[in-house]
Each structure stands twice: as C-alpha cells, then as structure tokens.
Amino acid sequence: MAGGASRIDSYIGFAIKAGKVVYGGEMVSRETRGVQLVIVSAEAQKNTLKVAQNAARRFSCPVVMCAGLEDKLGRQGCKICAIKEASLAKAIATTAKESDSEGYSLYIGGADGEKS
C-alpha cells in the first residue's frame, strides 16, 4: 500500500514550502544547528551515506532512506537533504517506521531520535 509513501511525500512538500529543507551533502555537513531528520537517497554513494551518518550522530536525529529522492524533491543530482522542522521530521520518521511506507525505510535512529 502506498498510503505511507504519499503521506511522507506530502510532509516533504510541506517542509519545502516552509523553507525548512537543506539540500545536498555539502550544505547538510555545513549546517550547524536545527537538523531534525536526514533523508538520503537509496542510490547514494558511500561518501553521501557517511555524511548522513555524521549528521545523525552530530544532531542526534534519525536518517530515512528514500528511493527516488531526486524526483520527490524536484532537484536532479540531490542525494541527501535535511529537514529542520521538528514536527514534520517526527511525522516522516514515524511514517517511515511503519510497514506500509513503500519507498521509505528508517536507516538510523527512531521516530523520537534514539539510536538503534
């Protein structure tokens, strides 16, 4: 069922409209505060995954894997982004944790930010 995926897509859209998304590995690694969730593409290379892991450790936030992140963000070549809105980040992580969220999976952490 794609219900979870469409909900996550909506949450990402809300975050984009609110200006609470940081795009790209360089910008995510330069961010100094406020990151609540990192979303990384399933097609990302090892270095991009390392950026996601470092951000998760530094900000104590979960990381969600997403198939086709570039298309969902509308930015070609973008393999990683960070969400800076706490309520949207929690909603995305919680929905990704559910089994019906096709295309999304929790990679590191949990809905409330604990490491697993």
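How many salt bridges does the count come to? I get four, taking a salt bridge as a side-chain nitrogen of Lys or Arg within 4 Å of a carboxyl oxygen of Asp or Glu. Ground rules for myself: this is a predicted model, local features need pLDDT of at least 70, side-chain atom pairs count only at pLDDT 80 or more, and totals for chains, interfaces and linings use all residues. Residues are numbered from 1 along each chain as its sequence is written, and side-chain values use heavy atoms, with hydrogens and water left out.

**Salt bridges**

I looked up Lys-72 and found it bridged to Asp-9, with 3.8 Å between the closest N and O atoms. This pair ties together distant parts of the chain, 63 residues apart: Lys-72 sits in helix α4 (residues 69–73) and Asp-9 in helix α1 (residues 3–18). Helices (H or I, at least four residues) and strands (E, at least two) are DSSP runs here, numbered from the N terminus.

Next I checked Lys-84, which meets Glu-31 in a salt bridge at 2.6 Å, N to O. Again distant parts of the chain are linked, 53 residues apart: Lys-84 is in the loop between β4 (80–83) and α5 (86–97), Glu-31 in the loop between α2 (25–30) and β2 (37–41).

Is Glu-31 buried or exposed? Glu-31 counts as buried because its relative accessibility is 16%, the cut-offs being under 20% relative accessible area for buried, over 50% for exposed and partly exposed in between (1.4 Å probe, protein chains only). Lys-84 is partly exposed at 29%.

I also noted Lys-79 with Glu-70, closest N and O atoms 3.1 Å apart. Lys-79 is partly exposed at 25%, while Glu-70 is buried at 18%.

**Sheet and helices**

In what order do the five strands of the open sheet run? I read β1-β4-β2-β3-β5, with mixed pairing; two strands pair if DSSP finds at least two bridges between them. The edge strands are β1 (21–23) and β5 (104–108), each pairing on one side only. β1 and β4 run antiparallel and are joined by three bridges, and Tyr-23 stands opposite Cys-81 in β4.

α5 packs on this sheet and touches β2, β3, β4 and β5, its direction making about 105 degrees with that of β5. Contact means heavy atoms within 4.5 Å; axes are lines fitted to C-alpha atoms, for helices over the stretch in contact, and angles run from 0 to 180 degrees between N-to-C directions. I listed the buried residues of α5, among them Leu-88, Ile-92 and Thr-95.
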